[in-house]
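User: I'd like to learn how to read salt bridges in a model. Could you walk me through it?

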Amino acid sequence: MQKRRAVTAGLEETLIAAILGVMTLITFANVIVRKTGGDFLLFEIDGNILWAKEATVFLFAWLVLLGTSYAVRIGAHLGVDALLNIVSKPMRKVLGLISVTICIAFAFLMLKGAWDYWANFANLPQTTGRWFPTGFEESFRGKGWYESYDIPMPGFLRFMEDMFNDGDEYEKIPRLIPYFILPLSMALLLFRFLQSAWWLWTGKIDTIIASHEVEDAVDALAAERKD
C-alpha cells in the first residue's frame, strides 16, 4: 500500500475534497434557511433552499463515481487472495495481470456506455457497435436543451446557451453538466486500471486488491507505537 501511494498523484483527492466541501456548505446553508426562514430570493421555498436537494444528490453521485477510480489507485478495492497466497511470486504476477486485463475490458465497456448515455445531452453522437465502438452515429437527436429540475443557471455559464441550446436561455443548468461525471469517472477508472497494469508489470505493486487492509492497519499502528 505504501508503494502504491508513493507513485500516485492527487487528482481524485482534490475533486473529492472539493465536492465534500460544497456538499457541506449547501447542507449547512439549507439548515440555516430552514431554521431561520430567511429569504434567499428564488432559492427559498417553504423554508428550504429549492435546489439544495437536487444539487447534493448530483454531488453525491459524483463523489461515489470518482471514488471508484480513487479506490483503484490506492488499492482499496477488496478481493479474495486465497489463491494468490499459495502460488509463487511469478505466478501471482501472471494472475494479477490477467485480473487487471479483465478489469480494463470492463472499464472500457463502461466508458462506452457512459459516453453513449451522456453524448446526446451534449449534442454529440453516440458510438455505434453493441460491445465495442465501431464509429459514431451519423444522425441523432441532440438533447442539449434538457435541464435539471431545480438548480438555477449561473450567469458565468450562459455561454453554453449558444453552444448547446441554439441561443435559447436556460432557466436551470443543462443536464449535460451533472451527467458529465459518467464519461469522466469511467475514463479515470480505465486510466487507473491501465496504470495498475503497468505497476504490476514493472513490479511497483504485487496486487491490485487490498484484502488485508485490517492487518496492514494493525501493523502500521504497531510501528507507530514503536517509534
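Predicted model: local features only at pLDDT ≥ 70, side-chain atom pairs only at ≥ 80, totals over all residues.

User: How many salt bridges does a search of the whole structure find?

Analyst: A salt bridge is a side-chain nitrogen of Lys or Arg within 4 Å of a carboxyl oxygen of Asp or Glu. By that rule, the search turns up six.

User: Which residues are linked in a network of salt bridges?

Analyst: That would be Glu12, Glu13, Arg73 and Arg192. Glutamate 12 pairs with arginine 73, with closest N and O atoms 3.3 Å apart. Glutamate 12 sits in helix 2 (residues 11–36) and arginine 73 in helix 3 (residues 52–74), so this contact ties together parts 61 residues apart in sequence. Helices here are DSSP runs of H or I with at least four residues, and strands are E runs of at least two, numbered from the N terminus.

User: And what about glutamate 12 and arginine 192?

Analyst: Their side chains form a salt bridge at 2.8 Å, N to O. Arginine 192 is in helix 7 (residues 181–202), 180 residues from glutamate 12.

User: Is glutamate 12 buried or exposed?

Analyst: Buried, at 0% relative accessible area. The cut-offs are under 20% for buried, over 50% for exposed, and partly exposed in between (1.4 Å probe, protein chains only). Arginine 192, at 4%, is buried too.

User: Where does the pair arginine 158 and glutamate 169 lie?

Analyst: Arginine 158 is in the loop between strand 5 (147–152) and helix 5 (160–164), and glutamate 169 is in the loop between helix 5 and strand 6 (172–174). Their closest N and O atoms are 4.0 Å apart. Arginine 158 is partly exposed at 28%, while glutamate 169 is exposed at 58%.

Notes: Residues numbered from 1 in each chain as written. Heavy atoms only, no water.
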